[in-house]
Amino acid sequence: MSKTDTMPHLSPERAAEILNKTLDHLNLPENTQKIEEARDNVGNEMLKMMQFIFPVVMQIQIDVIKNYGFPESREGIVKFTQMVRSLERDDAEVARLHGLIKAYYLPPVSAHTTSEPGEEKISCS
């Protein structure tokens, strides 16, 4: 049996359940404290967020997904995330929940959507 055979099937409903459970765990007092301590040390710097907050969030998510049949490893979280990304293309709720989790370790991004007078819009065709 190959390693990929051990991955469970992930339906949109199951993905939403796991993502909701992950959010529940992220909001537990002990995890909130870990994340806030890390956040106090990084400010809004993307590289530092990925160094200090991302591992905390991923460990919490690994602790959740192992209860749903995914390996308790880097391979398990990578495969789970790939499956979620595939599902979120067609499922708004999965996309929303995954976005809430990513917001823990990614700084807010402001998009510049209007052009200034005299500025040309660049088309990618």
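**Notes on the core, the helices and the aromatic pairs**

1. The largest nonpolar core has 31 residues, of which Leu10, Ile18, Leu26, Ile53, Val57, Phe70 and Phe80 touch the most other members. Two or more residues come from each of helix 1, helix 2 (29-42), helix 3, helix 4 and helix 5. The greatest contribution is that of helix 3, with eight residues. The model examined here is a predicted one.

2. Ile53 deserves a separate entry. Leaving out residues up to four places away in sequence, Ile53 touches Ile35, Ala38, Arg39, Val42, Lys48, Tyr104 and Tyr105.

3. Helix 1 comprises 15 residues and reaches 21 Å from its first C-alpha to its last, close to the 21 Å expected at 1.5 Å a residue. Its buried residues are Ala15, Ala16, Ile18, Leu19, Thr22, Leu23 and Leu26. Because these buried residues fall within an arc of 165° when helix 1 is seen down its axis, they line one face of the helix. They pack against helix 2, helix 3, helix 4 and helix 5.

4. Helix 4 covers residues 74-88; at 1.5 Å a residue its 15 residues should span 21 Å, and its end C-alpha atoms are 21 Å apart, which agrees. Gly76, Ile77, Phe80, Met83, Val84, Leu87 and Glu88 are the buried residues of this helix. Viewed down the axis of helix 4, they fall within an arc of 130° and therefore line one face of the helix. Among the elements that cover them are helix 1 (12-26), helix 3 (46-65) and helix 5 (92-102).

5. The N-terminal end of helix 4 is capped by Ser73, a side-chain oxygen of which lies 3.4 Å from the backbone nitrogen of Glu75.

6. How many aromatic pairs are there by the rule applied? The count comes to two. One is formed by Phe54 and Tyr105, with an edge-to-face arrangement, 4.8 Å centre to centre and 75° between the planes. Since Phe54 lies in helix 3 and Tyr105 in the segment after helix 5, the pair ties together parts that are 51 residues apart in sequence. Phe54 has 27% relative accessibility and so counts as partly exposed, whereas Tyr105, at 9%, counts as buried.

7. Phe70 and Phe80 form an edge-to-face aromatic pair as well, at 5.3 Å centre to centre and with 80° between the planes. Phe70 belongs to the loop between helix 3 and helix 4, and Phe80 to helix 4, 10 residues apart. The relative accessibility of Phe70 is 4%, so Phe70 counts as buried; Phe80, at 1%, counts as buried. Both residues are also among the core members listed in the opening point as touching the most others.

8. Is His98 buried or exposed? This residue, which is placed in helix 5, has a relative accessibility of 5% and therefore counts as buried, the cut-off being under 20%. Apart from neighbours within four places in sequence, His98 is in contact with Leu19, Thr81, Val84, Arg85 and Glu88.

Note on methods:
Residues are numbered from 1 along each chain as its sequence is written. This is a predicted model: local features need pLDDT of at least 70, side-chain atom pairs count only at pLDDT 80 or more; totals for chains, interfaces and linings use all residues. Side-chain values use heavy atoms; hydrogens and water are left out. Helices (H or I, at least four residues) and strands (E, at least two) are DSSP runs, numbered from the N terminus. The expected span of a helix is 1.5 Å times one less than its number of residues. Buried means under 20% relative accessible area, exposed over 50%, partly exposed in between (1.4 Å probe, protein chains only). The arc is that of the directions from the helix axis to the C-beta atoms. Contact means heavy atoms within 4.5 Å. A polar contact is a pair of N or O atoms within 3.5 Å; within protein, one must be able to donate a hydrogen and the other to accept it, and residues adjacent in sequence count only if both atoms are side-chain atoms. A nonpolar core is a set of buried Ala, Val, Leu, Ile, Met, Phe, Trp, Tyr and Cys residues joined through side-chain atoms within 4.5 Å. Rings of Phe, Tyr and Trp (its six-membered ring) pair if their centres lie within 6.5 Å; planes under 30 degrees apart count as stacked, over 60 as edge-to-face and the rest as tilted.
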